[in-house]
Amino acid sequence: MAGVSTNAIALVLVTLLSVLVTSVRSAANYDTAAARSYNSGWLPAKATWYGAPTGAGPMDNGGACGFKNVNKCPFSSMTSCGNEPLFDGGAGCGSCYEIRCIAANNPSCSGQPRTVVITDMNYYPVARYHFDLSGTAFGAMAKYGLNDKLRHAGIIDMQFRRVRCNFPGMKVTFHVQHGSNPNYLAVLVEYANVDGTVVRMELMQTRNGRPTGSWETMRRSWGSIWRMDTSRPLQGPFSMRITSDSGKTLVANNVIPAYWRPDKAYWSNVQFY
């Protein structure tokens, strides 16, 4: 630290402490209900971006929600980390938001809304609502040809509002996770239309060739992954019942076959509309 005065060091420390305190206060001062409502209108937020400039955010194209290949359709790299009112302990995974920035925020902003999906968690928010966007999504808010210039801003003011998800041609998919076995079943649910989110998931087993008729509640493991642990081996095929955060319910009968395998996705024939 030679050549740096004590006063300068103290100033840096005070500045860092101020940023930290502001971040902590902002993180606590939020309204989850407002962020998750379809009726709140445009709300103010901060936007940053991470990962490759034209990427999907995480280097593995995943994230804290557990979704796979978010660089591909239907997410197509238009993804974001959300801080707690958006991520909501995993209950916000898959929800869709329109985002925009206007010229008053930055001259490179187009003002045109773009849709992103919450696929990851923002652990270090700098505002009440903080979208840490993929490079692709951040640049998408720019005027034509100014994507890189907007990304160079690093952090900007923006607006957001929740919208209904629309994944044309997609059905709800159940992805059996690595490590699953007859006594431990972990399932990622993805591509849900409308709310995009699942707040409850239940399983019905098959025994002696017939459905048991009993729905067993799974618990959220993390993100959009649900699990069931049992001392008695589970027997498929499994029917799955899911509930969205607006209370709509879908049943995918026998969607996971008797001879299921870990690391395999099973497509249903059901979808929210």
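Is C73 buried or exposed? Select C73: with a relative accessible area of 61%, this cysteine is exposed. Keep in mind throughout that this is a predicted model.

**Stop 1**

Move to C81. This residue is buried, at a relative accessible area of 3%.

**Stop 1: the disulfides**

How many disulfides are there? The count is three. Visit them in turn.

Trace the chain on either side. C65 sits in the loop between β1 and β2, while C93 sits in the loop between α3 (84-87) and β3 (96-100). The bond thus links distant parts of the chain, 28 residues apart. Both cysteines are buried.

Next, select C96 and C165. A disulfide joins them, with 2.0 Å from S to S. What is the handedness of the C96 and C165 disulfide? The torsion about its S-S bond is about 115°, so the link is right-handed. C96 belongs to strand β3, and C165 to the loop between β6 and β7, 69 residues apart. C96 is buried at 3% relative accessible area. C165 is buried too, at 5%.

Finish with C101 and C109. This disulfide has an S to S distance of 2.1 Å. Its torsion of -105° makes the link left-handed. C101 and C109 are both buried.

The pairing reads 1-2, 3-6, 4-5.

**Stop 2: aromatic pairs**

Show the aromatic rings. There are eight aromatic pairs in the model.

Pick F75 and F167. Their ring centres are 5.8 Å apart, with 90° between the planes, an edge-to-face pair. Which parts of the chain does this pair tie together? F75 lies in the loop between β1 (43-50) and β2 (79-82), and F167 in the loop between β6 (156-163) and β7 (173-176), so the contact joins parts 92 residues apart in sequence. F75 is buried, at 4% relative accessible area. F167 is also buried, at 5%.

Now pick Y129 and F160. This pair is edge-to-face as well: 5.2 Å centre to centre and 70° between the planes. Y129 is in the loop between β4 (114-121) and β5 (130-134), and F160 is in strand β6, so the pair ties together parts 31 residues apart in sequence. Y129 is buried at 4% relative accessibility. F160 is buried at 0%.

**Stop 3: charges over rings**

Select W42 and R100. R100 lies over the face of the W42 ring, 3.9 Å from the ring centre.

Last, select Y38 and R164. The charged end of R164 sits over the ring of Y38, 4.0 Å from the centre of that ring.

Conventions. Residues numbered from 1 in each chain as written. Predicted model: local features only at pLDDT ≥ 70, side-chain atom pairs only at ≥ 80, totals over all residues. Heavy atoms only, no water. Phe/Tyr/Trp six-rings, centres within 6.5 Å; stacked < 30°, edge-to-face > 60°. Helix = DSSP H or I, 4+ residues; strand = E, 2+ residues; numbered from the N terminus. Buried < 20%, exposed > 50% of the residue type's maximum accessible area, 1.4 Å probe, protein only. Lys NZ or Arg CZ within 6 Å of the ring centre and 35° of its normal. Disulfide = S-S within 2.5 Å.
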